[in-house]
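Hi,

Here is the structure I promised to send over.

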Amino acid sequence: MVEVTTSFRERLIDFTMYCRERQFMLGPQETLDAFAIAEKGYALDRTLFQYSLKAIYCKRKEHFDRFDEMFQRFWSRFYEEKLEQRKKQIKQLKKEKDTATIIFLGTEFNLPKKEIKEQEAKETVGANESIRLRLTDFSKVNIADKEKLEELAEELFHQMSMRFKRRLENANKGRIDIRNTIRHGISKGGLLLELSHKRKRKEKRKVVFLLDVSGSMDTYSYYLLRYVMVLKKYFKSLEFFTFSTELTHVTPMLRQNNEQQILQQIGKNVHSWSSGTKIGESLTEFIASYGNKFLSQKHIVVVLSDGLETGNVSVLKEAVRTIRRKCKTLIWLNPLKGMVGYQPIQKGMVNVMPHLDAFESAHNLDSLLKLEKLLMDV
Amino acid sequence: MNKEIQALIKDFYEHDYILNDALATSIFLLKNLEKPLLLEGNPGVGKTMLAKTLAQHLDTTLIRLQCYEGLDVSTTIYEWNYQKQLLHIKLFEQEEDKLALQNQIFGMDYVLQRPLLQSISAEKPVVLLIDEIDRADEEFEAYLLELLSDFQISIPELGTIKALSQPLVILTSNRTRELSDALRRRCLYHWVDFPSKTGEIDIIAKKLPNIDVELASQVVTFIHNLRKSSLIKPPGIAESLDWAKTLLLMNQKNITDEIVQTTIGSILKHKDDVEFVRNKTVQEFLYPID
């Protein structure tokens with residue numbers, strides 16, 4: 001046994017808290033285990049200490065992949081220096097906000113200083129950090145918040161997936177399982193005192209996602225893509241397409257377990273990323289090529305797009321009308337709906353609105369998480 | 001690195017299992033912190049083999065519980081031996097003392113021990129492998145929690161049975177579904193990835209001492225680049241070994257297009273994957289452009 005100093009214990013607790021802030025599932029038991037390995041002398045060997053804490057603190061692959069870097073950051077002076085740099089960066093960013101710009105349809109507009117201040121104050125007043133991040137528009141995430149938002153998104157999406165899983169399975173209801181009832185009855189002298197039920201799985205919903213990856217959706221596409229990747233794990237019959245000037249069937253690329261590999265695959269194969277928008281033509285192509293397979297009264301179709309159509313609006317109108325007629329529910333998620341004062345008055349949206357079952361925003365984490373209820377209630 | 005861990009790596013190597021430092025540390029903690037170890041990773045990376053090798057290393061018994069949907073207490077923990085109980089009742093039905101009779105038939109002699117109960121009833125610590133836990137239902141995960149945290153099992157008629165010796169528990173999962181946080185928090189964790197190229201060449205050379213190093217290198221390069229493609233079922237280490245063995249039996253010195261066409265069944269198990277590879281040349285996998 002090695003005597004562990006109070007200052008080292010405090011540092012270890014700080015590290016636990018540092019990991020906890022980054023969404024690691026750590027309770028007092030993990031801290032006690034960390035103390036135990038320190039007392040056994042494993043902290044005297046840096047590699048052994050790192051791998052030991054890794055085995056104790058990580059509970060899933062996403063944590064496992066990030067741990068080494070976090071360990072290095074925390075336990076070396078480099079971390080202190082980075083922290084100083086980060087503080088400077090934040091100060092610099094605050095200064096830059098006075099001359100903020102927004103890119104809209106490829107054109108850069110200067111926004112009045114007052115308007116931005118009001119918008120951000122509304123987002124942050126009375127909110128703690130995680131609430132603030134949940135409510136931050138994806139297009140306004142600064143460098144300092146990007147990493148934290150990534151981590152928060154990962155955790156919240158994971159929690160959401162757990163809720164999906166629980167709701168989709170119910171083992172206590174259903175028809176009586178005669179075989180098991182008799183079997184359990186034997187231990188009670190042959191009396192059938194308790195009825196056993198067979199697991200009746202709820203019919204899993206069939207969902208089709210159509211994600212607009214055109215230039216005007218650039219700041220949102222990445223988060224929406226991650227969101228769909230999480231849903232794919234729990235909706236076995238989820239089909240995923242991206243579109244801008246052409247339609248791409250992305251589902252086969254989601255087969256990989258590794259999220260980074262999926263993103264790489266999509267990056268390689270979706271050639272129309274950040275290009276123009278031809279929603280109507282893309283949806284028409286979807287109906288023609290995949291309609292027979294993925295449009296039925298069992299399918300929910302979710303279109304994630306800002307609706308800024310550059311093609312023929314009547315084509316878009318006809319395509320949406322056809323999809324609505326053939327599917328069970330049609331949901332349109334528009335990130336612009338989160339903007340203060342937004343009205344769906346663009347030609348594209350005006351023609352589409354009458355055929356939608358739901359029209360929601362998808363501009364921040366909070367609005368994406370609210371979709372969960374929408375999907376479950378259908 | 002700690003001497004004990006170095007010894008562990010060496011001993012596992014002698015049992016034909018190549019450990020890296022991080023995985024060796026996890027095994028070391030499994031032995032020293034007495035907490036279960038959850039191994040996650042793609043199929044075919046050697047998770048199950050690790051448990052088998054650990055049992056060999058400790059010279060103890062491996063008790064394996066293969067999980068599947070619908071697994072319940074009677075197949076994993078215990079079941080009453082109804083035939084024996086009925087026979088006993090029949091033999092002693094004239095007994096006056098019915099309470100004593102009842103106590104007799106609900107004793108340990110009338111319990112059929114299933115893997116989990118066997119593992120805590122053993123006098124010497126055993127290795128308990130709970131394989132592919134992600135295939136079992138969530139309810140089964142809940143049964144496991146008591147065993148994993150306190151190493152005890154509760155049987156309503158008998159009370160709580162504490163472990164005579166604490167088993168070394170290894171759980172494996174292929175991540176076909178997400179495991180509960182409660183289960184994860186009771187375990188140490190390690191993500192078992194595919195080995196590096198040199199690591200995999202070492203594995204092949206260790207398992208097939210007669211293989212030419214150049215051929216082993218080509219096999220590993222081909223398989224590594226194959227794993228980077230979006231296959232439905234990427235080949236694991238077992239597939240690499242099978243293929244190397246096949247090529248060795250066929251006295252091949254190099255991998256050619258013809259050989260790939262005829263032996264691809266050793267590494268790929270899905271029709272779409274086979275077609276994907278058949279439409280490409282060996283050069284594309286041995287010397288990829290990017």
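Let me start in chain A, where Leu211(A) has Leu304(A) of strand 6 as its bridge partner. Before going further, a word on conventions: this is a predicted model, so local features need pLDDT of at least 70 and side-chain atom pairs count only at pLDDT 80 or more, while totals for chains, interfaces and linings use all residues. Residues are numbered from 1 along each chain as its sequence is written, and chains are lettered from A and ligands numbered from 1 in the order in which they are written. Helices (H or I, at least four residues) and strands (E, at least two) are DSSP runs, numbered from the N terminus.

Back to that bridge. Strand 3 (residues 206-212) and strand 6 of chain A are paired in the parallel sense over six bridges; pairing here requires that DSSP finds at least two bridges between the strands. Strand 6 of chain A also runs parallel to strand 7 (residues 329-333) of chain A, with five bridges joining the two. Across that pair, Ile300(A) has Thr329(A) as its bridge partner, and Val302(A) has Ile331(A). To get from strand 6 to strand 7, the chain goes through helix 13 (residues 313-326) of chain A in a right-handed β-α-β crossover (with the strands pointing away from the viewer, the path from the first strand over the helix to the second runs clockwise).

Next along is strand 8 (residues 358-360) of chain A, which pairs with strand 7 of chain A in the parallel sense over three bridges. There, Ile331(A) stands opposite Ala358(A). The link from strand 7 to strand 8 of chain A passes through helix 14 (residues 347-352), and this β-α-β crossover is right-handed too.

How covered is strand 6 of chain A? Six of its six residues (299-304) are buried, where buried means that 20 or more other C-beta atoms lie within 10 Å of a residue's own, exposed means 12 or fewer, and partly exposed is in between, with C-beta atoms placed from the backbone. Both faces are covered: His299(A), Val301(A) and Val303(A) on one side, Ile300(A), Val302(A) and Leu304(A) on the other. Strand 7 of chain A has four of its five residues buried, so the rest of the structure largely encloses it.

On to the interface. Chain B puts 25 residues in contact with 29 residues of chain A (contact means C-beta atoms, placed from the backbone, within 7 Å). Helix 2 (21-33) of chain B gives the most to its side, with six residues. By class, that side has eleven nonpolar, six polar and eight charged residues; Ala, Val, Leu, Ile, Met, Phe, Trp, Tyr, Cys and Pro count as nonpolar, Asp, Glu, Lys and Arg as charged, and the others, Gly among them, as polar.

Most residues other than glycine have a negative phi. Phe151(B), however, has a phi near 50 degrees, and Arg175(B) has a positive one of about 60 degrees. Phe151(B) sits in the loop between helix 8 (138-150) and strand 6 (152-155) of chain B, and Arg175(B) in the loop between strand 8 (168-173) and helix 9 (181-185) of chain B. Phe151(B) is partly exposed, because 19 other C-beta atoms lie within 10 Å. Arg175(B) also counts as partly exposed, with 16 such neighbours inside 10 Å.

Cheers

Key: Two residues are in contact if their C-beta atoms, placed from the backbone, lie within 7 Å.
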